[in-house]
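The sequence and the structure are shown first.

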Amino acid sequence: MPMPSFVLSFQSLVRASGGVLARGLCLAAAVALPLEAAVAQEAPRKGPSTIRDTEIEVLLKDYTRPILKAAGLAQQNVEVVLISERSFNAFVADGKRIFVNTGALVDSTTPNQIIGVLAHETGHIAGGHLARMREQLAGAQTMAIVAMLLAAGGMAAGAAGGMSGRDLGNVGGAAMSAPQEMIRRSLLSYQRGEEAAADRSAVKYLDATRQSSKGMLETFQRFQNDQLFISQRVDPYSLSHPMARERIAALEQLAKASPYYETRDPAALQARHDLMRAKLIGFMERPETVARRYPPSDTSMAAQYARAISAYRFGNVNGAVAQIDALIARDPANPYFYELKGQALLEAGRAGESVAPLRKAVAMTGGAPLIRAMLGQALVEAGNPSYNQEAIRELIQATQRDPNSASGWRALSMAYGRSGDLANADLAAAQSSFAQGDFKIGRELAARARQRFPQGSPGWLKADDLVNFKPPKSAANQ
């Protein structure tokens, strides 16, 4: 089965984030739940899918690196995780990851717009807002219990005083809901303060890196236009962010006071951003949508990129390869054009033809693990026995740098199997299962691998570790 570099990973985001309550640009729906539901609700086992792509990940690292340095988080290994969701959203769920919807990338027409969003989320991490929110939620849970006990006491007193059943029910309902509403408002007020603090931090980081805050302001102005008719009719305390008008006014004052307000993104960075958006649209939209956004009259590289991706996805592989060759002729230094050519050929069942462009892409990216894993798979699927040892070398290096690559481990298992090394084939298959969160099958494969290795050898020890691994409680039954 082909293993593209641009790959959807259907792992639960709750598992990825450790089960911590997610928060960020669009938390209103979660906080609008009744308090006990917001505090005690168990997250669903399945969540939105995540996306892995070297080109996009490298670009987002380039966006976040100076921001994280300005925030004092350069050594914290904060990563950006892509979620396959069309809505505009970004949030943090722990102190190590910023989650960004693909819709936020597609809708941000300039690098500065998405950099501003990333700076805002960095402000939440640097400000320790998640830890404090957990404390607030724990306190709110205690307050809710106390409020319910007091309300129950009030109902008991009413009953002792001879109050009728209907009146008792009305009083009880009011007594139960009033403290809960007060607690909910307290939590929302706390969150509004955090959002304003994150805005101020974002402007500070952008100033420190000599970047404009205009993009962040443009993003929130768009939200204001979208939500204006709602914000005139809703209780401000029911929102998890400051009212759009108030928030934008404060942000606008800060942004326009910066000496970098009119600073524009470098042309080369804008070109990379345009290619990223075209790639997402090419991979995630239907051909007619791609054609509307990038008609043949648009001769930009971004338009050619989107059309080439769409062509190969929907069966016109020869046409796609011709378009990719034209892109390579325009910019032979872009490694992701070679990667795309190799991916298109590999997924079309032409693994032997995909090896050369993928080798080129690996060399040009310094051995990017996702691309290297795809090269390893191409070498395996090419069916040439002389490629097998090269495939094993490439896949070992790929999985060492990206141990969560289920498809990389799976391809490595195939390569070991073809070389007759059944112990390492089982061990790699076990690691592939673990990477997918299938701990039950993973342990079974690891147990079989352990039987094949000499006791005490490195392979035996690794297999033994997997057999005895205790998964998180949320995944213990898998």
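In this predicted model, the cover over the buried residues of helix 15 includes the helices listed below.

| Covering helix | Residues |
|---|---|
| helix 4 | 54-70 |
| helix 11 | 267-284 |
| helix 13 | 301-313 |
| helix 14 | 317-330 |
| helix 16 | 351-364 |
| helix 17 | 369-381 |

Helix 15 is itself mostly covered, with 12 of its 13 residues buried. The buried residues are Pro335, Tyr336, Phe337, Tyr338, Glu339, Leu340, Lys341, Gly342, Gln343, Ala344, Leu345 and Leu346. Helix 15 comprises residues 335-347 and reaches 18 Å from its first C-alpha to its last, close to the 18 Å expected at 1.5 Å a residue.

A second arrangement concerns a pair of helices. Two packed helices are described by the angle between their axes and the distance between the axes. The axes of helix 20 (residues 422-435) and helix 21 (residues 439-452) cross at roughly 160° and come within 8 Å. The two helices are therefore roughly antiparallel to each other, and helix 20 passes helix 21 in a left-handed crossing. On the side of helix 20, the contact includes Leu422, Leu427 and Phe434, while helix 21 contributes residues including Phe439, Leu445 and Arg452. By class, the residues of this contact divide into 11 nonpolar, two polar and four charged.

Glutamine 113 is found in helix 6 (residues 111-126). Its relative accessible area is 11%, so glutamine 113 is buried. Apart from neighbours within four places in sequence, glutamine 113 is in contact with Asp107, Ser108, Gly215, Glu218 and Thr219.

Note on methods: Residues numbered from 1 in each chain as written. Predicted model: local features only at pLDDT ≥ 70, side-chain atom pairs only at ≥ 80, totals over all residues. Heavy atoms only, no water. Axes fitted to C-alpha atoms, helices over the stretch in contact; angles between N-to-C directions. Helix = DSSP H or I, 4+ residues; strand = E, 2+ residues; numbered from the N terminus. Parallel < 35°, antiparallel > 145°, perpendicular 65-115°, else oblique. Left-handed = near helix turned anticlockwise from the far one by under 90°. Contact = heavy atoms within 4.5 Å. Nonpolar A, V, L, I, M, F, W, Y, C, P; charged D, E, K, R; others polar. Buried < 20%, exposed > 50% of the residue type's maximum accessible area, 1.4 Å probe, protein only. Expected span 1.5 Å × (residues − 1).
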